[in-house]
Amino acid sequence: MRVFRHTTASGADRGAVVAIGNFDGVHLGHQQVIADAKKKAAAAAAPFAVLTFEPHPRSVFQPGAPPFRLTPFRAKSHALEHLGVELLFTLHFDLDFAKKSAEEFVAEVLVAGLGARVVVVGYDFVFGHGRRGTAALLQEEGHRCGFAVDVIPPVSGPGGIVYSSTQIREHLVAGRPRDAAALLGRSWEIEGRVEMGDRLGRTIGFPTANILLADYLRPAAGVYAVRAAIDEGPAPRWYGGAANLGWRPTVGGKDLRLETHLFDFDGDLYGKHVRVALIEHLRPEQRFSGLDALKAQIANDCEKARAVLAVEPSPR
């Protein structure tokens, strides 16, 4: 997959079938939009592209809001590449761009910039100043400007529940990673560069890879059964593990971090990029009377995590 930090296509990249959206989470509903674009691109022998927005418009309009991203750009690009996307265009979104009308977005980005042949969006896609542009208006503009528009209706799973990023966030905040995974089509991951910690885990026999959450949504604090992989090469190797997500009250921690102990791993992870998939929430975070009590609880957590993972397939 080729990534463009602009929305100007040239040469053979013009005339693509383009799926447009924020695609935060790249959940099963998003995947239907992307799959439709992929199918149409193959039928037309056209490039297969995704157009997305960075930063997420919500962070521009609500800069003081708590972190909410399910998939910051690196994680989102991983998921899109796995779906076979050939071209990923990232449109820089700021307050100046937000002033553009829906018609200006079509003329400047889709026609002049990309030369789109077909545009595929979800039923709830909105664009342009004041969110005036709707899927119906996009179809009208497409007819006028010479490109086709396909609108994907709501996609629902068992029980008729429509897949949505909002619902996934609710599951994660409530400590229900399995329910979130059912909507995502995969376990939800936090990924980041391993930071130097206080090295306390190593002194009590449970070394950890420490990752700050940055722009990620804050899921329920506590201990999780996880699978983790070093993000290098096309086929990462996954390890089972137990992770604490929280403030580490027993040792006076002040920053929120994800501390992951990998089973059956002996190596240096400092500075490496690691992906951690949350499988099951084992217990809330708690304060212990001292390091001995903490060590005993970690051993118990690891035993429970191993039991959970024994019947859980590895992520892709």
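I started with aspartate 264, which is in the loop between β11 (257–262) and β12 (273–283). Helices here are DSSP runs of H or I with at least four residues, strands are E runs of at least two, and both are numbered from the N terminus. The model is a predicted one: local features need pLDDT of at least 70, side-chain atom pairs count only at pLDDT 80 or more, and totals for chains, interfaces and linings use all residues. Residues are numbered from 1 along each chain as its sequence is written, and side-chain values use heavy atoms, with hydrogens and water left out.

Aspartate 264 has phi near 55 degrees, a positive value in a residue other than glycine. Is aspartate 264 buried or exposed? With a relative accessible area of 67%, aspartate 264 is exposed. My cut-offs: buried is under 20% relative accessible area, exposed is over 50%, and partly exposed is in between (1.4 Å probe, protein chains only).

Alanine 214 also gave me a positive phi in a residue other than glycine, near 50 degrees. I found alanine 214 in the loop between β8 and β9, and at 55% relative accessibility it counts as exposed.

Then I checked proline 55, in the loop between β3 and α2.

**Strand β4 and its partners**

I looked up β4 (residues 87–92) next. Five of its six residues are buried, so the strand is largely enclosed by the rest of the structure. Strands pair if DSSP finds at least two bridges between them. β1 (residues 2–4) runs parallel to β4, joined by three bridges, and valine 3 stands opposite leucine 88 in β4. β3 (residues 48–54) also pairs with β4 in the parallel sense, over six bridges. There, phenylalanine 53 stands opposite leucine 91 in β4.

**Rings**

How many aromatic pairs are there? I got 10 aromatic pairs. The rule takes rings of Phe, Tyr and Trp (its six-membered ring) with centres within 6.5 Å; planes under 30 degrees apart are stacked, over 60 edge-to-face, and the rest tilted.

Phenylalanine 97 and phenylalanine 105 have ring centres 6.3 Å apart and planes at 80 degrees, so they are edge-to-face. Both phenylalanine 97 and phenylalanine 105 are buried. Tryptophan 188 and tyrosine 216 are edge-to-face because their planes are at 80 degrees, with centres 5.9 Å apart. This pair links distant parts of the chain, 28 residues apart: tryptophan 188 is in the loop between α8 (177–184) and β7 (189–193), and tyrosine 216 in the loop between β8 (209–212) and β9 (222–230). Tryptophan 188 is buried at 2% relative accessibility, and tyrosine 216 is buried at 3%.

I also noted a cluster linked by ring pairs: Phe53, Phe61, Phe93, Phe97, Phe105, Phe125 and Phe127.

**Charges over rings**

A charge sits over a ring if NZ of Lys or CZ of Arg is within 6 Å of the ring centre and within 35 degrees of the ring normal. The charged end of arginine 58 sits over phenylalanine 68's ring, 4.2 Å from the centre. Arginine 306 has its charged end over the ring of phenylalanine 263, 4.1 Å from the centre.
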